Amino acid sequence: MHLFQIDLNLYARYVRLSLNKSDWYHGNLVVEKLSIIIPVYNELKTLNEILDQVRAVELRLEKEIILVDDFSTDGTRDILKQIEDLDDPLVRVFYHSVNRGKGAALRTGFQNATGDLTIIQDADL
């Protein structure tokens, strides 16, 4: 089992066992949606696998998956275009026109996240 699966599955178990969606509060904020930001750079071999793993985690929260490509050059962008063509409402893809680094990819993800809570998942397994 990959570290991501362990972490998100524990998180999912906590949400399922401890709280109902309507009862989960963080301060005065009701948490109903989780944004999962996945910065991507040259992840041709692992992208589909990590996306399948993230999709497979069941939560009582609504979730969105945000993929941010930091100008990959290994064919990853072709895979991302195929993912976009699936019109999955849970997945959104953003592209950098030049390589700007992981921090910039994360900032792009944060700027486009619509969830009440945001986590980061690396694309490499």
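At what angle do the axes of helix H2 and helix H3 cross? The first view below takes up this question, in a predicted model.

**View 1. Helix H2 meets helix H3.** The axes of H2 (residues 47-56) and H3 (residues 76-85) cross at roughly 35° and come within 11 Å. Here, axes are lines fitted to C-alpha atoms, for helices over the stretch in contact, with angles from 0 to 180 degrees between N-to-C directions. Helices (H or I, at least four residues) and strands (E, at least two) are DSSP runs, numbered from the N terminus. On the H2 side you will find Leu47, Asn48, Leu51 and Arg55, and they meet Thr76, Ile79, Leu80 and Ile83 of H3. Sorted by class, this contact has five nonpolar, two polar and one charged residues. In this sorting, Ala, Val, Leu, Ile, Met, Phe, Trp, Tyr, Cys and Pro count as nonpolar, Asp, Glu, Lys and Arg as charged, and the others, Gly among them, as polar.

**View 2. The largest nonpolar core.** A nonpolar core is a set of buried Ala, Val, Leu, Ile, Met, Phe, Trp, Tyr and Cys residues joined through side-chain atoms within 4.5 Å. Buried means under 20% relative accessible area, exposed over 50%, and partly exposed in between (1.4 Å probe, protein chains only). The largest core has 20 residues, and Ile38, Leu47, Ile65, Leu67, Ile83 and Val91 have the most contacts inside it. Strand E3 (33-40), H2, strand E4 (62-69), H3 and strand E5 (91-95) each supply at least two of its residues. Apart from this core lies another, of six residues, including Ile37 and Phe94.

**View 3. Around Ile38.** Contact means heavy atoms within 4.5 Å. Leaving aside neighbours within four places in sequence, Ile38 touches Val54, Ile65, Ile66, Leu67, Val68, Gln121, Asp122 and Ala123.

**View 4. Lys102 in helix H4.** Lys102 belongs to H4 (residues 102-112). Lys102 is partly exposed, with a relative accessible area of 44%. Beyond its neighbours within four places in sequence, Lys102 is in contact with Pro39, Asp70 and Asp122. Val40 is 62 residues away from Lys102 in sequence, yet 8.1 Å away in space, C-alpha to C-alpha.

**Notes for all views.** Residues are numbered from 1 along each chain as its sequence is written, and side-chain values use heavy atoms, with hydrogens and water left out.

Note on methods
This is a predicted model: local features need pLDDT of at least 70, side-chain atom pairs count only at pLDDT 80 or more; totals for chains, interfaces and linings use all residues.
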